[in-house]
Amino acid sequence: MTISLPERVSQSAFDGSRLRVVMLVDLHDGTQKRFLDAYEQIRHHVAATPGHLNDQLCQSFENPSQWLITSEWASAPQFLDWVNSEAHIEQIRPLSACIRTTSSMRFNVLRETGERVTGGSVQHAPRLGDDLVRHALTFTVRPDSVEQVAKILADYTAPAARVDDTTRLCRTTLFMHGNRVVRTVEVKGDLTKALRYVARQPEVRAVEEAINPYLEVDRDLDDPDSARVFFTRAALPAVHHVAAHDRAAAGAVDRHALYYRAKPGQGTALARFLAQQAEDAADIPKSPVLSSTVFQRDDIVVRLIEVDGPLDADPAAALALQGDRKAAVLDRLLDSTAYEPPAAAAQPAQLLARTGMRLITDRLAAPDA
């Protein structure tokens, strides 16, 4: 059977397919029994989580310190709701104390052989990738420290792009909206490896220490558990990305970010709506938006876009409001009270002005770095 790939770069958590999560962990010496006991304590709680279908715990017969945890979920959003929850942070504390290193990968199920799993479906067709992994982190600082933090984040020296022979940093962009900071990263290779590499670099560590006094939530980067909890809570996963294939590598374009605050409990619905709108816009040959990436955690949604021309030339396109009555749909999902003054989705120009994030720095690695 011949499968034709769509002519667009695309990734999505919203295609309705089941999700396979694979986590490879390496344990500290002598912690195998403690790790297994901790897993036994939490696995039944995880099994009761909406969307969870099954999981397996495997131990390497070649290296007993290596363990593999696989799980299957009815959909990616259900997994993300759990993995980003406070319950998950508390559940994995006993496991984390045993782990030396970990690597996690997530896959939509495309084909299967054998007995069909009950729940969810399979991805209907393969997607065309661009060999980049996208991720973001977000946190808040004290409102009276916004300018100090912006200066610290703008002035640091970027670390070398090369992590190792298989992984390199490609781009890091920082934005602020009020006292909220969003850092987006693009990595070629292993995201976990890249994030660990960045955290070890002295120039980055100096920046993190410099902003510590201004954070609304305290952290201690010298305490592994405190650092893990902070960055787990700060994670803002990419749930959708689309770019027209013939325009994805276009020349210099402007990069912007938009901050959407959803009504309580509507974050996933808002991200799904923006993702569908971005997919529809990718079919418009002359759309000013060349690419769109949606990041979402709970009720926080950030959309990173690359635009050909001024951002405010077409506010509806920049906001991913394609077609009649789409502004009204957005209005039902958006928490307008989170903006000052309150945002009105029915007026795209005003909403664009209030959701637009302030660009702090954009670091693009040289292709041969």
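A: The protein chain has twelve helices and 13 strands; helices (H or I, at least four residues) and strands (E, at least two) are DSSP runs, numbered from the N terminus. With a radius of gyration of 21 Å, close to the 21 Å from the globule rule for 369 residues, the protein chain is as compact as a globular protein of that length. That radius is taken over C-alpha atoms, and the rule is 2.2 Å times the number of residues to the power 0.38.

Q: Where does the model come from, and how are residues numbered?
A: This is a predicted model: local features need pLDDT of at least 70, side-chain atom pairs count only at pLDDT 80 or more, and totals for chains, interfaces and linings use all residues. Residues are numbered from 1 along each chain as its sequence is written, and side-chain values use heavy atoms, with hydrogens and water left out.

Q: What box do the C-alpha atoms fill?
A: Roughly 60 × 55 × 45 Å, along the principal axes.

Q: How many of the residues are buried?
A: Buried residues are 48% of the 369 in the protein chain. Buried means under 20% relative accessible area, exposed over 50%, partly exposed in between (1.4 Å probe, protein chains only).

Q: Switching topic: where is Asp312?
A: Asp312 sits in the loop between strand 12 (300-307) and helix 10 (315-318).

Q: Is Asp312 buried or exposed?
A: Exposed, because its relative accessibility is 56%.

Q: And what separates Asp312 from Ala353?
A: Along the chain they are 41 residues apart, and their C-alpha atoms are separated by 8.4 Å.
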